[in-house]
Amino acid sequence: EGREKTVTKFTDMIDLASERLGGAAMAANDEFFAPKEGLLKAGPPEWREGEYTGRGKWMDGWETRRRRDPGNDWCLIRLGLPGVVRGLCVDTTHFKGNFPEACSVDVCDAGGAPDARELNKGIAEWTEVLPKAALKGDTQNLFPIEYEGHVTHLRLSIYPDGGVARLRVYGRAVPDWAALERAGGDVDLAAAENGGLVVAANDSFFGSKHNLVLPGRGLDMSDGWETRRRRGPGHDWAIVQLGREGVVRKVEVDTMHFKGNAPGACALEVTHAP
């Protein structure tokens, strides 16, 4: 019961490795059948019946060749938003006879902008946060993480080889507040990159509540928070936990791309609940 509560909690957080937030697959020892960049795609894994490339079946994700010698395969990830990791989803959707038997995950906190070679040669101190764990094929394999350290990079190891469709790294961003204060001016306290988190919403049928606090303006109508059509009394709501307590001077409610389905009105309430 306790694990189920933990899983529900961490999967409701932001994917710190999302390519939408600047996450990147920096390097992999092998990507023969499918490129490492597929791990961080925003959408769900895709299946293309009967489609083949010059190297084999087209697969949506990262897939290595069959290993004929000892060892294992790995992929190095740079988080889009450095922060505290609360859980992982190693998604093997559509990988049935070619998924890895197991995986493990190491993390590090590397300042500056080190490249993959520097990270692999020991410039950063790596910490194992997920010991070798069994994986199931065609499954969203969920793993809660109990580690309080600040994380900038992650290394996914698979044993011995195979394919992973998506990697989600759930947690909360931890910004450099000292640098933000030195820069001066107003700061978006609700922004995901500043630690903001939408902790609850009564409905997110058409669009995730987390889209409310993502950087930049909406890419299209799917890149926002949208509820189902209300057929009874009442109204919809979302609760945002700010990245840090502060004084609110201005609020922007952006309805870009919402034309025939924008709210008629909105209201804002605040509280101090440390």
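His94 sits in the loop that runs between β6 (73-91) and β7 (102-108). The strands named here, like the helices, are DSSP runs numbered from the N terminus (at least two residues of type E for a strand, at least four of type H or I for a helix). The model is a predicted one, so local features need pLDDT of at least 70 and side-chain atom pairs count only at pLDDT 80 or more, while totals for chains, interfaces and linings use all residues. Residues are numbered from 1 along each chain as its sequence is written, and side-chain values use heavy atoms, with hydrogens and water left out.

Back to His94: its phi is near 75 degrees, a positive value in a residue other than glycine. Asp138 also has a positive phi, about 55 degrees, although it is not a glycine. Asp138 lies in the loop between β8 (127-134) and β9 (140-144). Most residues other than glycine have a negative phi, and most peptide bonds are trans. A cis peptide bond turns up between Tyr159 and Pro160, with omega at about -15 degrees. Pro160 belongs to the loop between β10 (151-159) and β11 (163-164).

How covered up are these spots? The scale runs from buried (under 20% relative accessible area) through partly exposed to exposed (over 50%), using a 1.4 Å probe and protein chains only. His94 has a relative accessible area of 24%, so it is partly exposed. Asp138 is partly exposed too, because its value is 37%.

The loop between β13 (197-201) and β14 (238-241) holds Asn211. With a relative accessibility of 17%, Asn211 counts as buried. Its side chain reaches the backbone oxygen of Ser222 at 3.3 Å. Leaving out residues up to four places away in sequence, Asn211 touches Ser222, Asp223, Gly224 and Trp225; touching, or contact, means heavy atoms within 4.5 Å.

Phe206 is found in the loop between β13 and β14 as well. Phe206 counts as partly exposed, at 47% relative accessibility. Apart from neighbours within four places in sequence, Phe206 is in contact with Glu226, Thr227 and Arg228. Phe206 and Met221 are 15 residues apart along the chain, and their C-alpha atoms are separated by 9.2 Å.

Further along, Pro263 is part of the segment after β14. Pro263 is exposed, at 60% relative accessibility. A gap of 9.9 Å separates the C-alpha atoms of Pro263 and His235, which are 28 residues apart along the chain.

Now for the chain as a whole. The protein chain contains 3 helices and 14 strands. Its radius of gyration is 20 Å, close to the 19 Å from the globule rule for 274 residues, so the chain is as compact as a globular protein of that length. That radius is taken over C-alpha atoms, and the rule is 2.2 Å times the number of residues to the power 0.38. Along the principal axes, the C-alpha atoms fill a box of roughly 60 × 45 × 40 Å. Of the 274 residues, 41% count as buried. Among contacts between residues at least 6 apart in sequence, 75% join residues at least 24 apart.

Technical notes. Polar contact = N/O pair within 3.5 Å; in protein donor to acceptor, adjacent residues only side chain to side chain.
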